[in-house]
Every structure is written in structure tokens, then in C-alpha cells.
Amino acid sequence: MTTNAFLQYCLTGISIGGIYALIAIGYTMVYGILRLINFAHGDIFMMAAYFMIFSMVNFTLPWYVSIVIVIGATIILGVVIEKLAYKPLRSAPRMSIMISAIGVSYFLQNVATYLFSALPKPYPAIGFLTKIISFGGISTSVVTFITPILTLGFVFILIQLINHTKIGMAMRAVSKDFETSQLMGIKINRVISFTFVIGCFLAAIGSILYFTPRPSVYPLAGSLPGLKCFIAAVFGGIGSVPGAVLGGFIIGLSETFIKAAGYSEFSDVFTFILLIVILLIKPTGLFGEKITEKV
Amino acid sequence: MKKFLALTMSAALMLSLAACGGSASNDGAAGDNAANDATATGVAIEGDTIKIGVFEPTTGENGGGGMQEVLGMRYANQMNPTVDINGTTYKIELVEVDNQSDKTAAVTAAQSLISSGVVAVLGSYGSGVSIAAGQTFADAQIPAMGASCTNPQVTLGNDFYFRTCFLDPFQGTVMASYAKEQGYTTAALISQNGDDYSTGLAAFFQQAFEGMGGTIVANETYQTNESDFNAILTTIKAANPDCIFAPSSIATATLLLPQAQANGITAQIIASDTWENETIISAAGSAAEGVALSTFFDEHDDTNPVAKEFVEGFKAYLNSNPQNLTSNGGSDGVAAVSALGYDAYMSIYEALKSLDGSDALNSVALRDALKTSSFTGVTGAISFDENGDAIKNVAYIKQIKDGKFNFLKTQSAE
């Protein structure tokens, strides 16, 4: 392996890892607040891609307007899902709400198949993102290069928000103890909605970064990335934002290097083995908090 | 009372299940007996309608190309809707099913065709699904006519499967000959794991290319529905081949080409018949420029009057309905698979015509008629060898230039 090839693999791995990290944050934050694994998250990511096709191809809006619309529509979709499918089940056992999430996931996939057909649709190209840059012997598109930078930027802002604002404090309180924080006067529904807003915002950004260099969208396009990001979140310790980010990067890099070594058929196998191993050895993940049973 | 009701219901359910199981196994036994019986007749032609099944993917990975093949068949049916046998005019009806580009769904789709009483089947686009359903058609003794399924396994050892196109060993050799003639000495392969079409072609190309003194410097594979090819492209770039042979689906092509361009790969990319689809040009844009591929047919080839007539008529058919244009990738370019779909229908049609004067009107007689049939189709003279493969010796090489498929040359295998 030459140095150039090695650097190119690293860049590819970090880039896809960055996207996994953005989506994994959505899983981990919702879990932190609601103790719910939002299985529909990967499909929200897929729907965001269709929103982009709609605004750029069908309504021929310029890309900067489209990005705003995509982010807005994705957030609305996420919050509506929360209000319709999760909120009525808030006092139900945790299993019910998880089954509801699986239902939403299948619902979104089938609605997309019904509305947009199962044929892959080309994702619109955003001019400056698809430009090709090369330095040394490495050649890549702008989007691959800026993905990890954007990811780290958003994570930094998110951590500031969680640690230094009032709503962030409320979120931390809710994730520590749902009922007590409610008794202390925290508007629980607002906090939950806000969590979904953040998760969907990052999913929309992740969707733009993911589909620009892989311009083909079909109704199941979100299911495998969604599963991988869920594993990233579990691996890093579900409920922990830095954990999800680290998990995303680790999965992205390991996947790329396994493919690079010529074992592309094992790249997904490895990701799922990682899930089993971490669940056996350290079920709370790398940065997961210790669960102390309250009596 | 409730308990009693529940008991009765479950008893009724058990009984009906048992009944289903029983009848299913009886059917199976009957099928086996029929297969062993020397005087088997398959499905008889009755009434005044002949049903022909269209076994094609219209969704899934190969949905786009499959749809183009269906268009060719529908057009053929529109042009030749009836056939006269023994003084009776039979109306030919197409029964379409979607095999979803999926080997499991393909078998179910094949069974649904059989139960709807078809006497022959057309398709499928994609060799994997054809191989998967081949036994089902053979068991029911219904002849199947593949249009563009190029893997040898489709017809090998299956007395009921025919096809109107050339085979992968031929196509792989043709592309290797082309690469050699262009002066390429090193090549890289990209193929899809577990896909008979893709891995088959890659293997035949490798065999032929190495036989001609070339070297395969990288042999990379990817998973079904993979969307990220950066890692394997980096490996290929490091190996620095003269050309890259990437037999794959249309969906893969639209992802692979832009990523190859982004990775700064300048090697010539060559591919196989599947890539002859306008979607690739519209989705990959400048990244598709220069790609060369082999195909079955060229619409500008005017040496064959049947082809000329077909191209004119088919273009009018496409333009008559906006839905047809959309299914054809938004243009009225005639894809090779549409021409093959037309020929597949016509070969069954010619065989049906030849049944005139015979008293055995059934699917086995139809199969026997196919074995000896010979006619001029859109893609050249068509007759079948002992495996049921159309005898062909030339492929068309096309290259994408200025956003169009341009005919480059005809290429025979060395």
C-alpha cells in the first residue's frame, strides 16, 4: 500500500465516518431522553434525500434555498412522527414505543415506494460540493473533504449547547430522571421536541453529505446506513454524544480498510460482529454511563 | 361459548391448512409424474386466447432495464396481436409479473405465471432471476424465451429455456478482444458478489484477456446495493491499470462513474450490455464520457430491413405515450434490450405460427417448434443451437461521447 493510497483510504473512511456520526447522534440523543431506539431515524434520513430531489429537480430551486427547505421539511417530519407515533405511548411500556418506531420505519419505506417508485432516482448535484480537488497524488470531491470538518463543527456546537444553555441543562436533567425533572417544572414535551429537532437537523445535513457523492436514492437507501449508525451509537455508548461520534468514525474507517484489503463481502459482517462483541464485553459501550438500578 | 367458538375456528383453520398442504403435495406429485412421462404435453392451448407470460423485473436493482425490455415486448404484441392456427384466430395476451430483480421473488413470480395458464414465458432481464426460475418453468413444461440474460447457466441443462442474445463467454471474450485491440495490457475488474451476470462476465473477461497475454492487476468485488465504491477505486487507482472492466447493473453504474471521476481515475472504463441505458448518461453526466460497452444492437445499423422498420415503429410507439418515454429513461433512443424483447416475442410468435397444421397444440409442441425455428429478427438472423441459445457471432461496441451512445464498431471474438 503506497502512502497516497493509504491517505486516500483514510480520507474516505473519515468522511463516511463523519456522516455515520451525524446520524448516530440522532439515535443517541433520543435514547438519552426517551430511552427509545428510534428505528425510523434511518428512514427520516432517506426522506430528506427525497425532499432534496423534490426541491431541486421538481421545483428547480437553487441549492441554497433547497438546503433550507430540506432541513425544515426533515425537522417537521421528525417532530410530527414524535407527536403522532411516540407521544401517545409516553406512559406505555418501553417495548410498545419501540414497536411503534419499527412500524414508523416500515411505514416511511412503503410510503416512499408508493409515492416515488422503487427505482433509484438520481440525487441532484450541488455545484461546488461535487467539484474535484487534488493535492499530491490524492484526488477527491469537495464534499468528501469537508464532511469530517462539518461533522466536528456541528458536534462542537452541540456539546456547547448541551452544556451551556438553559435548554441543554433541561435536556441533561430529563435524561437523568424523567419524572423528577417533570416535577421540577421542566416542560418535558418541549425538551423532547427539541431533541427531535436536533436529531433531524443532523440527519438532513448527513443526508446531503451522504447522497452528494453517492447520487442514487431509493426507498431502502436509509435502512442499512441507519442500522450502521445505530451500531455506532451503541458502540460508543448509547446516550453519549462523543461516544456516538467516535463510534461513527471507527465504523467508517474499519469498513473502508476492510474493503481496501479486498474483503468487501465482510465489511458489513464486521460492523455487526462489532455490535455483538461490544454487547457481550461492555454492554454500555465505550463512553456509556453505568446503570445503577434505582429501587 | 367464546371458548367453543375459538376451538371451532382453530379446528376449521387446521383443516383448511391440512387441505392446502394435501393439495399442494398432490400437485407436486402430478408435476413429477408428468416430467417423467414421455408423452408429456405441458399446458394445452384452449379457447381463443393464448397467454404469454412476461417475466421481467420492473422494480428493484434491474427495474429500469427490465422495463425497457417489457416495452419491446408490448410493442411486439401490439404489432402482432393475433395468430392463426388450424383455422382458428387466437388472440395473444401478455400476462406481466414483476420478479423484483430478486431470486426469491422470481420463483414466486414464475409460479404465479404458471397458475395463470401461460403457454410460454418471455424474460428475464438479469441472468440470476432467470436461473432461479428456470426449473419452475421446466417442471411446468413451459418454454421460456430469455431476451437479454447472457449467463450460460440460464439454458444449460434446461430443455425449456431459450434466448435471443449472445452469451457471457462470448461477450467477455469480445470485450477482452476490444481491450487488446486498443493496446491495453493491464486491466482491473469490478464485479458484484453473488450476481451471476456480473461475476460470470468478469471471469470470462479475465480468462480471455489473460489468454491474449494481458494482466489483471486488480480484481475487486462489492456487495449488492453498495453505494460507496471509494475504497475499491482507490485500490484500483494504486494498481494503475490501462482499462477497467465493470460489468454491473445500471444503478451501480450511476454511482460508480462519478466516484471514479472524483478519485481521479483516468483509465478507460469498459462495460457490458446492461450499461446501454440513457439513465447512466443523465445521472453520471461528464463522468460517463468515454465509457465503451458491448451491446446486441445498434439503431443506426440499416443493413437489416427488419431492424429499420422496428426502429421507426418503436420510436413512434415510445412517443405516443409519455409514460413509455419515462420508462425508457426520458428519450426515444432504442435500447438493445427493447430490440431483444421484441425478438423474444417474435420467436415465440413464429413458433406458434409453425404449429399450424399440427394437431398437438400445447406448450411442449411449442418448445419443439422453437428448436427448429429460424427467422430474421431485429438483432439479426435467429435460430437456436442444441442448448437453446441464439447463434450469434458479432457484438456492437458503443462509446459514450457528448452525452450520447455512439456506434464505434462491430467486434467479433478472436
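**Exercise 1. Describe the open sheet of chain B that contains E2 and E6.**

Solution. 
Step 1: strand order. In this predicted model, six strands of chain B form an open sheet in the order E2-E3-E1-E4-E5-E6. The pairing is mixed. Helices (H or I, at least four residues) and strands (E, at least two) are DSSP runs, numbered from the N terminus. Two strands pair if DSSP finds at least two bridges between them.

Step 2: edges. Strand E2 (82-85) and strand E6 (161-163) of chain B are the edge strands, and each pairs on one side only.

Step 3: twist. From one strand to the next, the twist averages 30°. Axes are lines fitted to C-alpha atoms, for helices over the stretch in contact; angles run from 0 to 180 degrees between N-to-C directions.

Step 4: one pairing. Strand E1 (residues 49-56) and strand E4 (residues 120-122) of chain B run parallel, joined by three bridges. Gly53(B) has Val121(B) in E4(B) as its bridge partner.

Step 5: the covering helix. Helix H3 (residues 103-115) of chain B lies across E1, strand E3 (88-98) and E4 of chain B. The helix runs at about 175° to E1(B).

Two conventions apply throughout. Residues are numbered from 1 along each chain as its sequence is written, while chains are lettered from A and ligands numbered from 1 in the order in which they are written. Local features need pLDDT of at least 70, side-chain atom pairs count only at pLDDT 80 or more, and totals for chains, interfaces and linings use all residues; side-chain values use heavy atoms, with hydrogens and water left out.

**Exercise 2. Work through the sheet of chain B that runs from E8 to E15.**

Solution. 
Step 1: strand order. Seven strands form this open sheet, in the order E8-E7-E9-E10-E11-E14-E15 (chain B), with mixed pairing.

Step 2: edges. Strand E8 (215-222) and strand E15 (404-411) of chain B each have a single partner strand, so one side of each lacks a neighbour in the sheet. The twist averages 25° from one strand to the next.

Step 3: a parallel pair. Strand E10 (residues 268-271) and strand E11 (residues 292-295) of chain B run parallel and share two bridges. Ala271(B) stands opposite Leu293(B) in E11(B).

Step 4: the packed helix. Helix H5 (residues 168-181) of chain B touches strand E9 (243-245), E10, E11, strand E14 (395-401) and E15 of chain B. The direction of H5 makes about 95° with that of E15(B). Contact means heavy atoms within 4.5 Å.

Step 5: the hairpin. E14(B) and E15(B) run antiparallel, joined by seven bridges. Tyr396(B) stands opposite Thr410(B) in E15(B). Two residues lie between the strands of this hairpin, and Asp402(B) takes a positive phi near 50°.

**Exercise 3. Classify the packing of H9(A) on H11(A).**

Solution. 
Step 1: geometry. The axes of helix H9 (residues 223-236) and helix H11 (residues 267-281) of chain A come within 10 Å and cross at roughly 30°.

Step 2: class. H9(A) and H11(A) are therefore roughly parallel to each other. Angles under 35 degrees count as roughly parallel, over 145 as roughly antiparallel, 65 to 115 as roughly perpendicular and the rest as oblique.

Step 3: hand. H9(A) passes H11(A) in a left-handed crossing. A crossing is left-handed if the near helix is turned anticlockwise from the far one by less than a right angle, and right-handed if clockwise.

Step 4: residues. The H9(A) side includes Leu224(A), Leu227(A) and Lys228(A); the H11(A) side includes Asp268(A), Thr271(A) and Phe272(A). By class, the contact of H9(A) with H11(A) has ten nonpolar, one polar and two charged residues. Ala, Val, Leu, Ile, Met, Phe, Trp, Tyr, Cys and Pro count as nonpolar, Asp, Glu, Lys and Arg as charged, and the others, Gly among them, as polar.
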